[in-house]
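Student: I'd like to go through how the two parts of this protein meet. Could we take it step by step?

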Amino acid sequence: MKKRYVLEVTAAALILAAAGFWYLGREERLPQEKQSLRIGVALYRGDDPFINNIRSKLEEKAKEYEKATGIKIVLEVEDSKDNQNTQNSQVDRFLSLGYDAICVNMVDRSVASYVINKAMDADIPVVFFNREPVEEDMNRWERLYYVGEDAKESAVLQGNILVEAYKEDEGSLDLNGDGKVSYVLLEGESSHQDSLIRTEWSVQTLKDGGVPLERLTGGIANWDRSQASALMEQWEEQFGDSIEVVICNNDEMALGAADALERAGNTRAVKIVGIDGTPQGIEGLKAGKIYGTVQCDSEEYAEVIFETAVAEALGQNVQEKIEFQNGKYYQCRQVALTADTLP
Ligand code: BGC
């Protein structure tokens, strides 16, 4: 009897001890205990208005999160100043300091393998955004994500702004009434995944929409307002009043084109369209400098980047919180805007 009692007590003690160890071990692994998170962000260029807008939204998200949860967020943002070596060193530093997650806006999206190798070695997740690494790189690890926009969707929305204007009043595009809509095209960086697709699908959408197009010329202005302005100035001298439409891969270049027309004293109702819906772009729309844009939901953009980094850092199941395509890709919402449809 006594022996059985001893056995029972021993068994119970063993079970309790095992449960205790399991619980303690579990507690140790519970990342919710973290009172602060450190997230490193590297921007390809801090002076790019589209990127700068995402950056401010990220900072807002971090503050809101701190308030709501009491978990301190250290969000360290670095400007890579368009230099991949600088960015690699910034990433190295984040990783060596043991940051909980990093968010990278690649300078050169074709060399993301450097960042990926280092992050994998350090076991620190990476949320890439806006400049998409090649698929082969993205598939190397399950803790890699990409947040961006569907470039074809942006372009189709942009093209349709002009198709609708044409359908409503052909003369609003075909200013000289020669039966053709003559356009010039300003493109973003040639190495950026968005440039080529936006160019192709804007033009295709206009053709599909029955607009009789004539391409006067086009050129690369690298997303930049002053480069676009300089190109537009040349084209204005070369083609003068033949230019009826200016299709731009982003709002900055659209604003640059408007600057050049203004400088040249061109008051014809040339229709300039952009993409992004940055605060500067919307201002331009309101001021009548640009006719239309495609606004990307920057709130959602920043939220997805931030929430993914935090969920990964806390060891939570990211897929349960955010629906990534193929577990990796998130394309933000976009909407076409003209002065008439501004909210
Ligand atoms: C945006 C541009 C921006 C570029 C930077 C594009 O998706 O439309 O405005 O300059 O990304 O990578």
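Predicted model: local features only at pLDDT ≥ 70, side-chain atom pairs only at ≥ 80, totals over all residues.

Student: Which residues make up domain 1 and domain 2, and how many Å separate their centres?

Tutor: The domain assignment gives domain 1 in two segments, 36-148 and 298-332, and domain 2 as 151-296. Taken over C-alpha atoms, the distance between the two centres is 32 Å.

Student: Which residues of domain 1 lose the most area to domain 2?

Tutor: Let's begin with the whole interface: the two domains bury about 1,000 Å² between them, with 48% of it on carbon and sulfur atoms. Three residues together account for 43% of what the domain 1 side buries. They are Pro 49, Phe 50 and Arg 109.

Student: Which residues form the salt bridge across the interface?

Tutor: The rule finds one salt bridge between domain 1 and domain 2. The closest N and O atoms of the pair are 2.8 Å apart, inside the 4 Å cut-off. The partners are Arg 131 and Glu 189.

Student: Which helix gives the most to the side of domain 1 that touches domain 2?

Tutor: Two helices, α2 (49-69) and α11 (298-313), each supply at least two residues there. The one giving the most, with three residues, is α2.

Student: How many nonpolar residues does that side of domain 1 have?

Tutor: In total, 12 residues of domain 1 are in contact with 12 residues of domain 2. By class, the domain 1 side has three charged residues, three polar ones and, to answer you, nonpolar residues numbering six.

Notes
Residues numbered from 1 in each chain as written. Heavy atoms only, no water. Domains from an automatic or database assignment. Contact = heavy atoms within 4.5 Å. Buried area = accessible area lost by both parts, 1.4 Å probe. Salt bridge = Lys/Arg side-chain N within 4 Å of Asp/Glu carboxyl O. Helix = DSSP H or I, 4+ residues; strand = E, 2+ residues; numbered from the N terminus. Nonpolar A, V, L, I, M, F, W, Y, C, P; charged D, E, K, R; others polar.
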